[in-house]
Amino acid sequence: MQFEAARIVKRIRTALKGESGGQEIAILAWQFAEAVKDANARLEHAIQKLDADDLLSAYLEEKKSPRLLDTCDILDFVELAQWQEQCENTFLAIAPTLDLQKASTLRSQLTNIEDEKEWLYGEYRERLRSKKTLEAYPIIKAIAESDQEDSDNATTECERLKDQLTLKAQGSLNKISEELIPAESPADVIKEYQAAGLKFPDDAEPFQSAIESERAQQIKAATESVASSIETAKEIDSDEQWQAAERSYLACNYMLATTDMRAHIDPDLRTKFEKAGNSIGHKRNSYEANLRIQKCISDVNAAIEKKSNKAASGTFAYSLPDAVERLKSAEMQSKRLGNQISPKLQAEITETLKRAKKSKVPLIVFISLAACLAIVAGLWMMNSMNQKAAEQDAYDKAYIAVKEAQSELLFQEATSTLKKHKQAIESANNSSDLVQESKILQSWIGQQTTLDNDFAQLADRLEQQALNNLDKEGLAETQRLLQGAEGARNNLASDLGQATQKRIDDVKSLLAQSQQEKIAKIKRQVEIAVSQMQRHVDGAVAANNKKDFLTEAQKAEGKIGQLQALIAAHSSIPTLANNNATIKSAQESLLLADSKWGALASTFNKLDEAEDYDEYIAELERIQSFDILPQNQKTDIALVLKNKPSLQDLKLQALMPNDQEGWDTFSTTLDYRKDQPSLNDVERVFLERLANDAMFETIYETKVKYFEGSTIARDEYTIFLYDPVSKVETGLKTGINYTFKVRGFDEAGDPEEEAREMNFLSHPDGTFWGFFYEPSAVSDESQYYEKTIRETLLKILAGAPRFTAIDLIDQLNDARTLAPAFRAYWQQQLFTFMKLNPWKWGMPLSPSLKEQIKKLSIITRGDINKRQWLSNIEQTAPSYDLSEYFRLSSKKDLAQEARAFATMYQFAFEGEYNFAGYADEGGQIQRGEGFEGFKLWAANALTGRYEPISEQSAPAPYSPLIAYQFEDKPSEHILQKTLFITGSNLSSEEFSEHLPPILQKNDGE
């Protein structure tokens, strides 16, 4: 942090107003010297950049706070020489000379930048392209700080770049911390970014550690500097030692004031530093007091020298009494403040006062004598020169007055001048300049008298001529006389002929009034003719039909002829010719309007002859551009063109509205049905997880029979087991006991913690008690997972046909022997997989599949737990909703349905839209040949959107008619061919709402 230059200079000016001194002024002088050094260093840096053709670096250096050139202007203040002199006299820090030549060079170079904002943005973009982000930041920061018009955008970009650089610096610091031998230190990184104007948060890592480390080094250096300054101030025996101690103190104090190090110095050390500063300040006060006393002694000696040497010349600041009083006051003030005056200086004061006392002698006698002598000499000289001066004065005054009269050329002034100075002229020598100039002036007066009489006679003739002859020849003679009068008046003095000129002006006024009345009458006739012409021209231009245009144009041509004849008959009136431009403009407007009507008719003819959609639209846009087109037709055409589609857009709207992904899929695929899609990374990871789920591989099942003292089982069912069932046979007196170890699953589908022991007793009478478990085997679900599901997933991973996933969903619908929850879980996983890229796997192509997905989501209300099918509840009483869901789903062949829709879309994409006619200005269909029986599309008369034409919708006037053709047949042919190829009748009622718009029946069909 530097001290502001403006504040330093303001304090210097305040100090110069009084005799300020002491340590405060010493500190101020040090601050000023440092400010000048810093400014010179910055100027040197900027000039070096200019010499290297690096204008941008020089510019940024100038823009840094504080602004360099503004700082130079402030430091070069008016009282600088006075301040430097005071610094030299009182041994203060003397600032170096400010390099104003370099400042001028820098200012000149920066002024030559033409478009500063554009130039800065160009430099900024160049560094961004070069990946020099750190160099780009100061540029955008300068733009944000200086450009008020674009400050918001620049500030936003500046913050974005700041965040980016902060992350980059964070990465650099983290990298340094990880390296054993880093190439640079954290402090170097911080300094590099701070030099570009960045400020890092000092309360967040890794910036906190780097900044604290650098701050610790700074605190250590500051502490050492303070300690050194205290040691220097301990022993001061001479001026040289005091001056060295003061320099050390001022340098250290400046460092503490411009950084935040003062608060980090040990308090005891800081107290010692302040005491050392006070001691040095006291020495400064004594030194300055001695300087003031020596200055007063010099003033007294100068005053004594002036008194003793009468021939002494020069200016002295004080008289002898004043100088003596100032010396005594300085001595007393120094003693009052406790300053020690050396014996040598005290002896010098005493000796000076003694010399001043001896030189005090009365001077009044010498002054009085000199005054008397001067008075006597003056009276004698005045008496001898008085008469001669009076004569010369009169001559000079007369000569000056005559020359002035000659220069002013005023008759009355010239006559008065000759009369006033007649005596001086007559007493002068005939060959003198005064007499010669007087004769010249007298001759001019005579000429003016003659010219004045001639001017009056010319006025008499002019009045008589103007009053009696106002015909054409009389007017010509009058004009000749007026020209002569004007020439005569120019040769006459300005103060002569005023009355005569008024008479002539009256004649001119009379002639002008008569002429103006004639001209006004003719101009009025021309204005009326112009107004009538313009009215008919405007009517022709604004006509809504060719007939009205021709009528108004014929009337306008007649008025143009009358106007041209009137202007030619009065060609002497120059202003009438200005109407020629109006006539030409009217003729051009008529010609332009005529050409527009011709062009409009030609364009309408081309509209009838249009052979394709683009040509028809181009002609329709051309017609709309005509400003003569009636408003109702312009409105109709604007409605049609407002939402004009390209044929490609219309095809998208008719086949797959609001489904860009489906459009992109079919429009870029040669044969959608036979493709083997490739998987992306997300899909591959998803399938690999499902294909490697070990839980499904080793689930066992067994049949259980329950007996209660009979030979026939009371209940029989199948359960899933985590481990194969085992049994132990034991012989009893009452029969044989079987103990089965069984580990199944709990209500959540998780394996039971340990196997249960289930008893079965066989009596000799052939009856049984308890649960009998048949040998267990791998469950059907595990086998299905391994042989069907897993193999299918691996096929898809390797590149299977598009509908493989839907085929597996169909198989799960039909696998009635499997647990419903097992089938539902795997269908849900397949649904999730296909939703990653629905069109890739044909998911949107089966309406029944969409309905099945919806029903399953309603039943499950979320994801199915993959262990749900193992739950002992689900085993004994499978979910009714899931069982019903699969019963209905098995009736649909989803893959066949998807293949049929894919075939239909493939055929639909092979069809094309073609221009099939247009609606005329009344909205009536003008169908082209060969499009009978085709479904037509046109702009709706109310909305302007392109829709199929039906009995309930009317085409907008001038709307193009567009027909869809597949193999030169209407769109229904697509469904017929699809039925032939796939055997699926997509035209049945159940699919009516799922067909694309091009195949749906319109209202009234």
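Which residues does W826 touch, leaving out those up to four places away in sequence? I found L690, F696, Y785, I789, L793 and L812, where touching means heavy atoms within 4.5 Å.

A note to myself on the source: this is a predicted model, where local features need pLDDT of at least 70, side-chain atom pairs count only at pLDDT 80 or more, and totals for chains, interfaces and linings use all residues. Residues are numbered from 1 along each chain as its sequence is written, and side-chain values use heavy atoms, with hydrogens and water left out.

**Cores**

Next I looked up the largest nonpolar core, which has 121 residues. A nonpolar core is a set of buried Ala, Val, Leu, Ile, Met, Phe, Trp, Tyr and Cys residues joined through side-chain atoms within 4.5 Å; buried means under 20% relative accessible area (1.4 Å probe, protein chains only). F822, W826, M834, L845 and W869 touch the most other members. Helix α35 (residues 894–910) gives the largest share, eleven residues. I also noted a second, separate core of 87 residues, which includes W30, L60, L110 and L161.

**Helix pair**

Then I turned to α3 (residues 55–63) and α6 (residues 100–111). Helices here are DSSP runs (H or I, at least four residues), numbered from the N terminus. Their axes, lines fitted to C-alpha atoms over the stretch in contact, lie 11 Å apart at an angle of about 110°. That makes α3 roughly perpendicular to α6 (65 to 115 degrees). On the α3 side, I listed L55, A58, Y59 and E62 as making the contact, and on the α6 side L106, Q109 and L110.

Key
Buried < 20%, exposed > 50% of the residue type's maximum accessible area, 1.4 Å probe, protein only. Helix = DSSP H or I, 4+ residues; strand = E, 2+ residues; numbered from the N terminus. Axes fitted to C-alpha atoms, helices over the stretch in contact; angles between N-to-C directions. Parallel < 35°, antiparallel > 145°, perpendicular 65-115°, else oblique.
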